Amino acid sequence: MARHTHDGIDWPSRLIAMRRADELHADALRVVARRLVRALPDNPTVIDVGSGAGGMSVALTEALCARGGGTVVLVDAVPELLDAATTRARAAASYESDSTTTTVRVRPVLADIATEEPTEFAAAAHLVWASNVLHHLPDQRQGAVNLIGALAPGGWFALAEGGLDTRCLPWDLGVGEPGLQDRLAAARDQWFTRMREQIPDVVRLTAGWNIVLADAGLHDVSAFSYLVDHPAPTKPVVRDSIEDWLRWRHDVTGDLLHPADRAALRTLLDPSDPNYVGLREDVFFLQTNTVHTGQKP
């Protein structure tokens with residue numbers, strides 16, 4: 001299996017940053033996981049597609065432990081990420097209460113869902129969770145249809161795609177021109193369009209996810225959003241994650257930014273500069289993510 005996915009991104013090199021981001025999202029993901037597993041039958045099978053560094057893998061495992069057990073199937077196309085998620089989920093797979101131990105089975109699957117049918121390795125799931133993975137596939141709609149095909153009758157599909165872009169910087173940083181955050185967001189949109197266009201055999205998605213899920217035959221199609229909020233002044237791990245976020249934006253959008261904005265980013269990322277983001281007490285982390293849901297008849 002190739003180290004690089006269809007999008008050309010070197011995901012193993014981002015593992016440390018992904019782990020830090022998971023820490024920022026941990027509390028919110030636990031709430032989401034409990035909400036999603038609440039309506040599932042006893043001893044359910046849950047698939048975490050694009051499990052990444054394992055943030056939601058842990059949350060789903062903990063949620064299943066708390067309600068009596070089950071199976072979590074972790075699916076990723078990148079071996080390093082799959083190993084990381086598996087290690088973390090298995091560490092959370094046992095729960096002791098009143099001398100009773102509840103165990104969740106964690107099963108890793110190395111697979112590319114753009115080229116391999118999910119039904120071949122994880123059929124009859126009661127919940128399929130896919131977070132920010134379909135937009136990296138050539139055909140997002142077909143990816144959703146394939147994942148829905150792995151659901152048992154009555155099973156739920158939960159697709160985390162979209163929301164509001166991350167905000168972490170004051171309007172005027174005293175470095176470069178005010179409004180850097182907005183220009184970074186505009187450059188990110190340009191990069192995302194370019195990334196999609198460069199995926200081989202890419203197919204445009206020209207409808208919202210509610211329409212896609214309904215067209216795929218799901219009932220009770222709906223959505224909810226959850227907030228990740230770390231106000232200033234932040235803990236060091238939050239500032240570290242903000243630094244990761246800024247470095248990623250610098251790396252992927254640098255050629256799309258004005259030279260003055262590139263210079264401002266370099267200043268913020270320079271540990272020897274007094275404006276280094278890791279030392280600033282006015283940075284924060286605010287993000288809203290949307291989860292689209294539907295039930296298979």
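Me: Before we start, what counts as a helix or a strand here, and where does the numbering begin?
Reply: Both are DSSP runs: a helix is H or I over at least four residues, a strand is E over at least two, and numbering goes from the N terminus. Keep in mind that this is a predicted model.

Me: OK, so where is T115 found?
Reply: T115 is in the loop between strand 4 (100–110) and strand 5 (125–131).

Me: Buried or exposed?
Reply: T115 counts as exposed, because its relative accessibility is 58% and the cut-off for exposed is over 50%.

Me: And what separates T115 from A214?
Reply: Along the chain, T115 and A214 are 99 residues apart, and 23 Å lies between their C-alpha atoms.

Me: Zooming out, how many helices and strands are there in the protein?
Reply: Eight helices and eight strands.

Me: Why does the radius of gyration agree with a compact globule?
Reply: The protein has 297 residues, and a compact globule with that number would have a value near 19 Å; the protein has 20 Å, so the two agree. As for extent, the C-alpha trace spans about 55 × 50 × 35 Å along its principal axes.

Me: What about burial and surface?
Reply: Of the 297 residues, 50% count as buried. The protein exposes about 13,700 Å², with carbon and sulfur atoms supplying 50% of that area.

Me: And the contacts, what share join residues at least 24 apart?
Reply: That share is 80%, taken among contacts between residues at least 6 apart in sequence.

Me: Switching to voids: how many cavities of 30 Å³ or more does a search find?
Reply: One, in a search of the whole structure. The largest cavity has a volume of about 40 Å³.

Me: Which residues line the largest cavity?
Reply: I47, V49, V75, I113, P118, F121, V128, L147 and A150. By class that lining is nine nonpolar residues, with no polar and no charged ones.

Me: Now the second largest pocket: what volume, and which residues line it?
Reply: Its volume is about 230 Å³. The lining of this pocket is made up of Q140, F192, T193, R196, E197, V202, V203, R204 and L205.

Me: Which helix gives the most to that lining?
Reply: Helix 5, residues 180–198, gives the most to the second largest pocket, with four residues.

Me: How does the pocket lining split by class?
Reply: The second largest pocket has four nonpolar, two polar and three charged lining residues. For the largest cavity, the lining has no charged residues.

Terms used. Residues are numbered from 1 along each chain as its sequence is written. This is a predicted model: local features need pLDDT of at least 70, side-chain atom pairs count only at pLDDT 80 or more; totals for chains, interfaces and linings use all residues. Side-chain values use heavy atoms; hydrogens and water are left out. On a 1 Å grid over the protein atoms alone, a cavity is a set of points where a 1.4 Å probe fits but cannot get out, and a pocket is an open set with protein on both sides within 12 Å along at least five of seven lines; lining residues have an atom within 4 Å of a point. Grid points are joined across faces, edges and corners, and a volume is the space filled by probe spheres set on the points. Ala, Val, Leu, Ile, Met, Phe, Trp, Tyr, Cys and Pro count as nonpolar, Asp, Glu, Lys and Arg as charged, and the others, Gly among them, as polar. The radius of gyration is taken over C-alpha atoms; the globule rule is 2.2 Å times the number of residues to the power 0.38. Buried means under 20% relative accessible area, exposed over 50%, partly exposed in between (1.4 Å probe, protein chains only). Contact means heavy atoms within 4.5 Å. Accessible areas come from the Shrake-Rupley method with a 1.4 Å probe; for residues, only the protein chains shown count as cover.
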